[in-house]
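Here is a report on a structure to explore with the viewer open. Take the sections in order and find each part as it comes up.

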There are 2 protein chains.
Amino acid sequence: MPATIRDVAQQAGVGLGTVSRVINGSASVSDATRQRVLAVIKNLNYVPNPTARRLSLGRTLTIGVIVPFFTRPAEVERLRGIEHTLLDSGYDLILYNVETPEQRDQYFRDIPRRERVDGVLIVSLTPRDGDVKPFKKANVPIVLVDAHHASLARLNQVVTDDVTGGCEATQHLIELGHRRIAFISDRLDEPFNFTSSRDRLTGYQQALQAAGIPFRSDYHLQGDHGRAEAHRLAAQLLALPDRPTAIFAASDTQAMGVLEAARDAGLRVPDDLSVIGYDDIEIAEYLGLTTMSQQLYQSGKRGVELLLAVLENPDAQPATEVMPAKLTVRTTTARAAE
Amino acid sequence: MPATIRDVAQQAGVGLGTVSRVINGSASVSDATRQRVLAVIKNLNYVPNPTARRLSLGRTLTIGVIVPFFTRPAEVERLRGIEHTLLDSGYDLILYNVETPEQRDQYFRDIPRRERVDGVLIVSLTPRDGDVKPFKKANVPIVLVDAHHASLARLNQVVTDDVTGGCEATQHLIELGHRRIAFISDRLDEPFNFTSSRDRLTGYQQALQAAGIPFRSDYHLQGDHGRAEAHRLAAQLLALPDRPTAIFAASDTQAMGVLEAARDAGLRVPDDLSVIGYDDIEIAEYLGLTTMSQQLYQSGKRGVELLLAVLENPDAQPATEVMPAKLTVRTTTARAAE
DNA sequence: CTGTTAGCGCCTTCAT
DNA sequence: ATGAAGGCGCTAACAG
């Protein structure tokens, strides 16, 4: 059996209140007794029981992270930022991995009423108004990472400007002389309401328009996220009579599918086809993939910092922090062939 | 404020004990009162406070996972198996990510004395005898996943037979007619005491010996884990006067570095050089990499199952479960050129 | 079958 | 400055 606060009190010849006080560095304890208590604590190898502390404090000292597909490289990197930042905060982290819309809904429904976490980080998932309310009501603060929530209920959020990012990616291709530029994305109506594909599409369209290039709907293909599906879609694009000379993929994973399709079609990249991705996941460098770098680690880190700040000071103003994306040119984009 | 068990008892006109009994499905409660209590529970949207339960039960209802570099693809996949399996077990999961030996030691030291978890899954890390003792003493069961512990303190473990795997990978190359087969691995003396590289080396040597091919120490290079380092090592091998015609990399990540080096050297894979990896991470398929498939997801799943079993029945016999590796031939290996 | 009571280990007034 | 006491919400043992 591990030592309890009572054991310490007894051995030190003080009341348990005093021990509690030295543990929490609080209030005033005479230096003499403090030393004595500290000595006994060390001697007994005493560590306060977290469960008891939590119950007494009425706080769980844990934060939850709701994240879809935590195995995807981009999410993993965000998680790493979260984990690192939380490390010496005294908070535990509990991970809620979402792989289906039902699961998301269940977490949104259950977590607030469970008294399991003091606050929640929602990653890459856009809650609807109805989702937010239970958290508000249970007084569980939320911070959004890589997601934005437009409603009245203002939320702390770390957003990435996907519109601008999509625009810059497209501009890069335009500046290289491309005019026939296609865009491959997730389904715009996928059940998770991911906004990144939509926003990047908007940026893509803005860039085209600014360059006076009309948007062609047959140049925008959507499908389930993933390499294989993107491969299929790209093959479709490349079979077009006037096939695009450049393809912008909404993620690096999908860009990989595009590269495969190009290979299948006997097209050289970047000579015959330019390809640009999005995210700058680790493998992108290996592939020499031109892409939009996101500050994934940093976004997780900032999210935690915001959440910890809210936990400290519950009625601070909600903040929205924008993480910029940066063009990283490698070897899959080049001037359009005459 | 959320409803407490007392509120339920009052509204249902019963004692606390009765409510507790229906919650835990335990003992005997008359069907009438059970229905009544259930109704009030639903009506009040009551959920038992987990912290209070934990304190009362003297169990944390959470399990910890100690894992090095949880961002590496193979570990992520193991984690996925763990997370899935734990989902409806009623246990929470808390993740301890290890990135330095000091951190590992700290976790090994602190976790047992913290009363934070009921059991621990140690992934890909081989604890020393001194590490195991504190867990034993604190009565916190351990299950090893992808690691083995040879000492007297017999542990539950899910091991992968890396010796056999390394042997089969090498045999594959030998059967393709290769004689000059090199092996690139992690440093054998890296601080985490990972055993996989060592075991795969043993398998490699066994296969060579069985085929009557002498082991050449200049054909075994070791370096930090990672693509870049493997790239460097492979370049070194390929610069040898009698360069190998096949390279076995101790992981897919490292195999990627080998592929890069081959490209740099103007060698075609598999015509001029065969390459085989290990793990079968997701990207391997994309690369067409021949590799040894590990049942990563499954290993995590089995680990959790073992741990839950121990938690149920603390004095069950420790079990060792072996996960086989399977050769997956793709397009980076071929018959040795004449 | 069910109400009551005594903890689980800690924090926090409230006196002193 | 410090000891004593009450309470956090729940479970389990004990009477009925």
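## Getting started

Helices (H or I, at least four residues) and strands (E, at least two) are DSSP runs, numbered from the N terminus. With that in hand, look at the DNA: α2 and α4 of chain A, along with α2 and α4 of chain B, each provide at least two residues of the surface near DNA strand D. Keep in mind that this is a predicted model.

## Around DNA strand D

Which element gives the most to the surface near DNA strand D? That's α4(B), with five residues.

What kinds of residues are these? The surface near DNA strand D divides into twelve nonpolar, 13 polar and one charged residues.

## Around DNA strand C

Now turn to the other strand named here. DNA strand C has 26 residues around it, and Ile5(A), Val14(B), Gly15(B), Gly17(B) and Ser28(B) come nearest. At least two residues of the surface near DNA strand C come from each of α2 (16-23) and α4 (50-57) of chain A and α2 (16-23) and α4 (50-57) of chain B.

For DNA strand C, the largest share of the surface is five residues, and it comes from α4(A). Sorted by class, the surface near DNA strand C holds twelve nonpolar residues, 13 polar ones and one charged one.

## How the two chains are related

Two copies of a chain are related by a rotation about an axis and a shift along it.

How many residues of chain A are in contact with chain B? The count is 28 residues of chain A, in contact with 28 residues of chain B. On the side of chain A that touches chain B, the elements giving two or more residues are α4, α5 (73-86), β2 (92-98) and α12 (282-287) of chain A. By class, that side of chain A has twelve nonpolar, six polar and ten charged residues.

## Helices that pack together

Start in chain A, with α2(A) and helix α3 (residues 31-44). Their axes are 10 Å apart and the helices pack at an angle of about 85°. Angles from 65 to 115 degrees count as roughly perpendicular, so α2(A) and α3(A) are roughly perpendicular to each other. In this contact, Thr18(A), Val19(A) and Val22(A) of α2(A) meet Thr33(A), Arg34(A), Val37(A) and Leu38(A) of α3(A). The residues of the contact are four nonpolar, two polar and one charged.

Over in chain B, the axes of helix α10 (residues 227-238) and helix α11 (residues 252-264) come within 7 Å and cross at roughly 45°. Are α10(B) and α11(B) parallel or oblique to each other? They are oblique, and the crossing of α10(B) and α11(B) is right-handed. This contact divides into nine nonpolar, four polar and four charged residues. Another chain B pair is helix α5 (residues 73-86) and helix α13 (residues 296-312), which pack at about 40° with their axes 7 Å apart. That makes α5(B) oblique to α13(B), and the crossing of α5(B) and α13(B) is right-handed. The contact of α5(B) with α13(B) has seven nonpolar, seven polar and five charged residues.

Most residues other than glycine have a negative phi, and most peptide bonds are trans. You'll find Pro270(A) in the loop between α11 (252-264) and β9 (274-279) of chain A.

Chain B has a cis peptide bond joining Val269(B) and Pro270(B), with omega about 10°. Pro270(B) sits in the loop between α11 and β9 (274-279) of chain B. Finally, Phe69(A) is not a glycine, yet it has a positive phi of about 50°. Look for Phe69(A) in the loop between β1 (62-68) and α5 of chain A.

Key
Residues numbered from 1 in each chain as written. Chains lettered and ligands numbered in written order. Predicted model: local features only at pLDDT ≥ 70, side-chain atom pairs only at ≥ 80, totals over all residues. Near = placed C-beta within 6 Å. Nonpolar A, V, L, I, M, F, W, Y, C, P; charged D, E, K, R; others polar. Axes fitted to C-alpha atoms, helices over the stretch in contact; angles between N-to-C directions. Parallel < 35°, antiparallel > 145°, perpendicular 65-115°, else oblique. Left-handed = near helix turned anticlockwise from the far one by under 90°. Contact = placed C-beta atoms within 7 Å.
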